[in-house]
Amino acid sequence: MPLVKKKLSIAAGATSDQVLAGTTYEYVDAGTQIIVSAAVDTAGTATADTTMDFTVNNAEFSRNASVSKLVDGEPFSWRGNYVMNDMITTGAVRNRPIITFTNGTSGTRSVDVCVFIGSPS
């Protein structure tokens with residue numbers, strides 16, 4: 001079961017590139033489970049104001065979903081408290097998951113993202 005894990009640096013007011021662009025998993029088959037986890041390093045501030053958009057074949061699964069703050073001592077992975085979406089694709093042919101993050105703050109933010117791609121468990 002593949003796992004795509006990245007650390008994104010997003011400038012103030014910017015939106016990240018599509019997380020799965022250019023990977024083997026930019027398109028997936030029907031019946032594929034996709035679990036998206038994310039956390040933002042807020043550099044000591046109390047709120048993140050960083051959001052995620054997640055679509056598959058133009059169907060929205062998350063729009064402007066708030067990304068949780070990375071908590072010291074809590075491990076980051078595709079399971080646990082940082083899961084933002086867990087879905088199974090239904091498109092008959094090719095499914096294109098598009099995941100982007102937007103930094104709504106006045107400073108650069110670092111976002112950890114982990115995307116599990118596999119068969120439903």
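**View 1. Val-83 in strand E5 is the bridge partner of Ser-37.** The view is taken from a predicted model, in which local features need pLDDT of at least 70, side-chain atom pairs count only at pLDDT 80 or more, and totals for chains, interfaces and linings use all residues. Residues are numbered from 1 along each chain as its sequence is written, and side-chain values use heavy atoms, with hydrogens and water left out. Strands (E, at least two residues) and helices (H or I, at least four residues) are DSSP runs, numbered from the N terminus. Strands E2 and E5 are antiparallel and share 5 bridges; two strands pair if DSSP finds at least two bridges between them.

**View 2. Four strands form an open sheet in the order E1-E7-E2-E5.** The pairing in this sheet is antiparallel. E1 and strand E5 (83–88) are the edge strands, each pairing on one side only. From one strand to the next, the twist averages 15 degrees; axes are lines fitted to C-alpha atoms (for helices, over the stretch in contact), and angles run from 0 to 180 degrees between N-to-C directions.

**View 3. A second open sheet, of 3 strands, has the order E4-E3-E6.** Its pairing is antiparallel. The average twist here is 10 degrees from one strand to the next. Strand E3 (residues 50–56) is joined to E4 by 5 bridges, and Thr-51 stands opposite Ser-66 in E4.

**View 4. The largest nonpolar core has 21 residues.** Such a core is a set of buried Ala, Val, Leu, Ile, Met, Phe, Trp, Tyr and Cys residues joined through side-chain atoms within 4.5 Å. Buried means under 20% relative accessible area, exposed over 50% and partly exposed in between (1.4 Å probe, protein chains only). Val-19, Val-36, Phe-54, Ile-99, Phe-101 and Val-115 have the most contacts inside the core. Elements giving two or more residues to this core are strand E1 (3–10), strand E2 (33–41), E3, E6 and strand E7 (109–118). Another core, of 7 residues, lies apart from it and includes Ile-35, Phe-76, Tyr-82 and Cys-114.

**View 5. Pro-2 lies in the segment before E1.** Pro-2 counts as partly exposed because its relative accessibility is 23%. Leaving aside residues up to four places away in sequence, Pro-2 is in contact (heavy atoms within 4.5 Å) with Tyr-25, Val-115, Phe-116 and Ile-117.
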